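Subject: Structure handover

Hello,

I am passing the structure on to you with this email. My notes on what was found in it follow below.

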Amino acid sequence: MTAETPNDLAAAIVGFCRFARTRGLSGGVQATLAALAAAASLGIARQEDLKCGLRSVLCSSKEEWDLFDGLFEAFWSGSDSPRAKQSTKRREAAESFENRENAGALMSGAVASGVSEDEGSQAVTGASARERLRRADFSTLNQDDLAALEQIALHLLGRMSRRLSRSWRIANRRGKVDLRRTIRHNISRGGEWIDLRYREKRPRPSRLVILLDISGSMSPYSLLLLRFVYALKKHFKRVDAFLFSTELVEITDTLRALRLPDALRALSQVAAGWSGGTKIGASLRDLNHLHARKLRHGDTFFLILSDGLDTGEPEELAAELRAVKRRVRKLVWLNPLLALPNYQPIAQGMSAALPHVDVFAPAHNLESLLALEKHL
Amino acid sequence: MDHSPANSPGASGKDVDAILSGFERLHYIADRSLATAIYLVAKLRKPILVEGHAGLGKTEVAKALAAFLGTRLIRLQCYEGLDVSSALYEWNYQKQLLAIKIQEQSNQTVEEKERHVFSREFLLERPLLQSILAEDASPVLLIDEIDRTDEAFEAFLLELLSDFQVSIPELGTISAKHVPFVVLTSNRSRELGDALKRRCLYQWIDYPSFEKEMRIVRARLPGMEDELAGHVVRYVQAVRQLRLSKQPGVAETLDCAQALMALGKRRLDAEGLEETLGCISKSVEDSERVRTASGDLLIASTTGRR
């Protein structure tokens with residue numbers, strides 16, 4: 001460190017903030033100002049203190065925290081250390097990946113086409129286009145539409161999860177007195193509170209367990225359903241998510257990852273190399289045996305997203321689903337095929353499953369996903 | 001701490017040292033990184049967000065800070081469904097209704113009556129309002145487990161943290177006389193919003209090194225013999241390598257050490273390990289994994305070799 005006067009120090013700090021920003025830290029001008037203030041009060045007598053101080057000012061997550069030391073070394077030693085370079089490369093790779101082929105295309109198995117999200121949203125503009133996309137079957141969308149739809153989905157699903165999280169609702173019995181409505185209602189009685197009005201906590205299942213079918217037959221839908229899973233994550237106290245085709249993989253931890261694109265990328269790797277074929281029964285058996293304590297009667301909401309084209313034994317599916325049903329509050333099966341005009345749930349697996357399902361609903365387009373709100 | 005250390009190089013280093021030793025006197029073993037962050041909390045008057053796994057003393061940071069500054073600790077424990085009326089303020093409706101009934105026969109004007117029922121007497125002060133109303137010194141406001149609340153509350157909190165004033169329609173705007181020192185903790189069960197994170201200093205608390213954990217055990221359990229303390233700390237550090245679904249934190253180390261002391265053990269043995277298993281692992285699966293590895297764990301903790 002060569003900074004000697006306050007001005008030199010300030011210039012160096014600003015330089016470092018700029019450096020750090022290009023290499024993965026998120027702070028803006030505010031962070032730089034805070035860093036300057038921190039440096040001014042810490043001084044340069046002890047480099048260790050300055051490092052700790054800048055770290056707590058500039059970082060805002062564990063990921064950035066881990067990155068910081070390398071960046072600090074790299075900058076103050078004057079050269080870009082191999083470690084920092086590596087992480088830069090990783091990040092650049094990640095960014096170009098996001099721009100070039102949004103992780104979505106990868107999940108749905110489509111070939112990367114080089115369409116950016118901007119071009120995509122230009123291709124469809126205006127409310128009517130948006131309406132069309134809301135109703136469009138996921139499997140019929142082309143690359144342009146997919147990008148635009150993802151934008152809309154993110155927005156609408158976000159709104160849905162916010163609406164669901166409002167924690168009070170109007171009630172007729174028990175709960176807290178809703179003063180506002182009580183006063184309003186009793187105006188006709190001269191302001192005497194004869195009739196009390198109440199509100200109560202919106203009852204909500206605090207846990208959600210999701211099983212997402214990613215077998216070949218479901219691939220056009222997997223991505224958007226995964227987005228749906230991601231949006232629901234905010235609404236429940238706890239979400240346990242699993243992928244399955246012939247076996248069961250838990251993705252709860254992956255979903256907790258920092259940002260959606262990262263999560264999708266990680267999941268596409270998990271899912272990669274899985275061949276077709278669906279063994280719903282066997283997957284449910286794994287769930288019942290290995291993850292039973294995640295199903296707690298009374299407050300668990302269980303969601304299966306699958307087309308029910310099962311290659312396993314229907315008896316096993318029925319038995320395992322019954323076992324699940326006994327443990328959860330509500331069992332919802334979302335099936336994208338349900339939207340087909342002449343679809344009958346007569347596939348062996350599906351017909352075996354139906355008696356144990358509380359809600360059987362379509363999941364082929366955005367509107368059908370949003371309609372689920374009323375069951376939650 | 002209102003001098004300008006830029007003009008007096010090294011002064012900040014002394015302040016950080018003072019925090020370190022002050023915290024140690026309070027039996028909180030901080031590392032330099034945390035002490036520097038605490039120093040900046042006081043200097044820059046920014047809130048600090050402390051993240052880390054459970055049982056590593058996140059909440060203790062605020063308690064130690066309050067004790068160090070000799071000021072009041074006001075704690076807001078967050079939970080799902082926490083709303084403004086239980087975090088900030090609420091009118092004591094029952095008391096107001098009674099007051100109205102009592103006043104019915106008096107010949108006060110309506111305005112006077114209204115002023116009376118909407119006075120401070122009828123205000124239920126919740127933690128956030130308490131922290132703003134502090135009379136004599138800046139209190140430490142601990143907002144514990146912020147990740148348990150929803151986004152709506154987080155947004156509200158953000159607004160409060162930026163100007164430390166509250167508008168109560170019936171009373172007017174109340175500004176903080178002494179801006180509180182704010183410590184937020186999170187277990188990362190949900191990502192916090194960018195805006196909130198950007199406003200805060202950040203501190204990640206990791207599992208402690210062997211040396212640091214030894215110091216913590218010595219500070220917290222002064223009556224403990226060094227040999228047993230060494231065994232327990234090495235044992236827990238080895239258990240952390242097992243990647244259990246619930247990793248034992250420092251709190252678990254202390255529980256385990258206390259349990260062994262209560263059992264009258266001088267050193268860790270197979271029996272003691274079995275008897276204190278419940279202190280270390282909190283699920284059947286984890287217990288099973290610890291039990292399977294118990295031979296290796298015992299060797300690692302009593303000989304110091306992995």
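A crossing of two helices is called left-handed if the near helix is turned anticlockwise from the far one by less than a right angle. By that rule, α14(A) and α15(A) make a left-handed crossing. Please keep in mind throughout that this is a predicted model.

The helix pair in chain A

Two packed helices are described by the angle between their axes and the distance between the axes. For α14 (residues 280–290) and α15 (residues 314–327) of chain A, the angle is about 35 degrees and the axes are 8 Å apart. On the α14(A) side, the residues that meet the partner helix are I280(A), G281(A), A282(A), L284(A), R285(A) and N288(A). Their counterparts in α15(A) are E316(A), L317(A), E320(A), L321(A), A323(A) and V324(A). Sorted by class, this contact holds seven nonpolar, two polar and three charged residues.

Chain A overall

Chain A has 17 helices and nine strands. Of its 376 residues, 36% are buried. Among contacts in chain A with a separation of 6 or more, 71% are between residues 24 or more positions apart.

Strand β4 (residues 207–213) of chain A is largely enclosed by the rest of the structure, because six of its seven residues are buried. β4(A) runs parallel to β5 (residues 238–244) of chain A, and seven bridges join the two; here I210(A) is opposite A241(A). β4(A) also runs parallel to β7 (residues 300–305) of chain A, to which six bridges join it. There, L212(A) has L305(A) as its bridge partner.

Chain B

Chain B has 16 helices and nine strands, and 35% of its 306 residues count as buried. For contacts in chain B with a separation of 6 or more, residues 24 or more positions apart account for 76%.

An open sheet of five parallel strands in chain B has the order β2-β5-β8-β1-β9. Its edges are β2 (73–77) and β9 (201–205) of chain B; each has a single partner strand, so one side of each is left without a neighbour in the sheet. On average, and with direction ignored, neighbouring strands of the sheet are turned by 20 degrees against each other. Helix α3 (residues 58–69) of chain B lies across β1 (48–52), β2, β5, β8 (181–186) and β9 of chain B, and runs at about 175 degrees to β5(B).

Contact between the chains

The contact takes 31 residues from chain A and 29 residues from chain B. On the chain A side, the elements giving two or more residues are α2 (29–42), α3 (47–58) and α4 (62–76) of chain A. The largest share, eight residues, comes from α2(A). By class, the chain A side has 15 nonpolar, 10 polar and six charged residues.

Nonpolar cores

The largest nonpolar core has 96 residues, and those touching the most other members are A35(A), V57(A), L58(A), L65(B), V183(B), L201(B) and V232(B). Apart from this core lies another, of 45 residues, which includes L224(A), F244(A), I251(A) and L317(A). In chain B, with neighbours within four places in sequence left aside, V183(B) is in contact with I48(B), V50(B), V61(B), A62(B), L65(B), V140(B) and L142(B).

Regards

Note on methods: Residues are numbered from 1 along each chain as its sequence is written. Chains are lettered from A and ligands numbered from 1 in the order in which they are written. This is a predicted model: local features need pLDDT of at least 70, side-chain atom pairs count only at pLDDT 80 or more; totals for chains, interfaces and linings use all residues. Two residues are in contact if their C-beta atoms, placed from the backbone, lie within 7 Å. Helices (H or I, at least four residues) and strands (E, at least two) are DSSP runs, numbered from the N terminus. Ala, Val, Leu, Ile, Met, Phe, Trp, Tyr, Cys and Pro count as nonpolar, Asp, Glu, Lys and Arg as charged, and the others, Gly among them, as polar. Axes are lines fitted to C-alpha atoms, for helices over the stretch in contact, and angles run from 0 to 180 degrees between N-to-C directions. A residue is buried if 20 or more other C-beta atoms lie within 10 Å of its own, exposed if 12 or fewer, and partly exposed in between; C-beta atoms are placed from the backbone. Two strands pair if DSSP finds at least two bridges between them. A nonpolar core is a set of buried Ala, Val, Leu, Ile, Met, Phe, Trp, Tyr and Cys residues joined through C-beta atoms within 7 Å.
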